[in-house]
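Here is my note on the model you sent. Please read it with the structure open.

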Amino acid sequence: QVQLVESGGGLVQAGGSLKLSCAASGPAFSMYTMGWFRQAPGKEREFVAVTVASGGMTYYADSVKGRFTISRDNAKNALYLQMDSLKSEDTAVYHCAARRNRCVGSACYDPETYSYWGQGTQVIVSS
């Protein structure tokens, strides 16, 4: 069982930066693929970024590529999302999510394949 708690959201002006954190409890954190997803009002939950388990690759949604950086610290059971050059369209509730072991292809981007979710942290970007 994994429990996830996000923090770091807030209100920021367009062009600014925020760093989100996700604290995970439970064993063998390094064996979990960890992802960030977001959900804006009236929209479906969408993939943002993922770091694959056991030293695997990182992947990003096209909309955030070059602006966001996902990272993890396995010693601290922590996941991060550095968000730079924020835009108003980045406004959403951001959730971290976990699934055991590696993902392949589209499974990495599909929220239905993740078993554990945090409650989310609100990010508001003002233009």
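1. Start with Trp117. This is a predicted model, and in it Trp117 has a relative accessibility of 27%, so it counts as partly exposed. Arg45 lies over the face of the Trp117 ring, 4.4 Å from the ring centre.

2. Trp117 also has an aromatic partner. Phe37 and Trp117 form a tilted pair, with 5.1 Å from centre to centre and 55 degrees between the planes. Phe37 is at 0% relative accessibility and therefore counts as buried. Phe37 belongs to strand β4 (residues 32-39) and Trp117 to strand β10 (residues 116-117), so the pair ties together parts that are 80 residues apart in sequence.

3. Look beyond that pair. Across the whole structure, a search finds seven aromatic pairs. Ring pairs join Phe37, Phe47, Tyr59, Tyr109, Tyr114 and Trp117 into a cluster. A pair of aromatic rings is described by the distance of the centres and the angle of the planes.

4. Tyr32 deserves a look on two counts. Arg100 lies over the face of its ring, at 5.3 Å from the ring centre. Tyr32 is also one of the residues that line the largest cavity.

5. How many cavities of 30 Å³ or more does the structure hold? There is one. About 30 Å³ of space lies in the largest cavity. Its lining consists of Val2, Ala24, Ser25, Gly26, Pro27, Phe29, Tyr32 and Asn77. Five of these lining residues are nonpolar, three are polar and none is charged.

6. Next, the core. The largest nonpolar core has 37 residues. Those that touch the most other members are Leu4, Trp36, Val48, Phe68, Leu81, Met83 and Tyr94. Which elements give two or more residues to this core? They are β3 (18-25), β4, β5 (46-51), β7 (68-73), β8 (78-83), β9 (92-100) and β11 (121-126). β9 gives the most, with five residues. In soluble globular proteins, nonpolar side chains tend to be buried together.

7. Two loop residues are buried. Ala40 sits in the loop between β4 and β5. Its relative accessible area is 19%, and buried means under 20%, so Ala40 falls in that class. Ala40 and Ile124 are 84 residues apart in sequence, yet their C-alpha atoms are 10.0 Å apart in space.

8. Val64 is the other one. Val64 lies in the loop between β6 (58-60) and β7. At 0% relative accessibility, Val64 counts as buried. Val64 and Ala14 are 50 residues apart along the chain, and 14 Å separates their C-alpha atoms.

9. Check the backbone at two places. Most residues other than glycine have a negative phi, and most peptide bonds are trans. Ser85 is not a glycine, but its phi is positive, at about 50 degrees. Ser85 lies in the loop between β8 and β9. With a relative accessible area of 41%, Ser85 is partly exposed.

10. Asn101 lies in the loop between β9 and β10. Is Asn101 buried or partly exposed? Asn101 is partly exposed, as its relative accessible area is 40%.

Definitions and conventions. Residues numbered from 1 in each chain as written. Predicted model: local features only at pLDDT ≥ 70, side-chain atom pairs only at ≥ 80, totals over all residues. Heavy atoms only, no water. 1 Å grid on protein atoms, 1.4 Å probe; cavity = no way out; pocket = protein on both sides within 12 Å on 5 of 7 lines; lining within 4 Å. Points joined across faces, edges and corners; volume = space filled by probe spheres on them. Nonpolar A, V, L, I, M, F, W, Y, C, P; charged D, E, K, R; others polar. Phe/Tyr/Trp six-rings, centres within 6.5 Å; stacked < 30°, edge-to-face > 60°. Helix = DSSP H or I, 4+ residues; strand = E, 2+ residues; numbered from the N terminus. Buried < 20%, exposed > 50% of the residue type's maximum accessible area, 1.4 Å probe, protein only. Lys NZ or Arg CZ within 6 Å of the ring centre and 35° of its normal. Core = buried A, V, L, I, M, F, W, Y, C linked by side-chain atoms within 4.5 Å.
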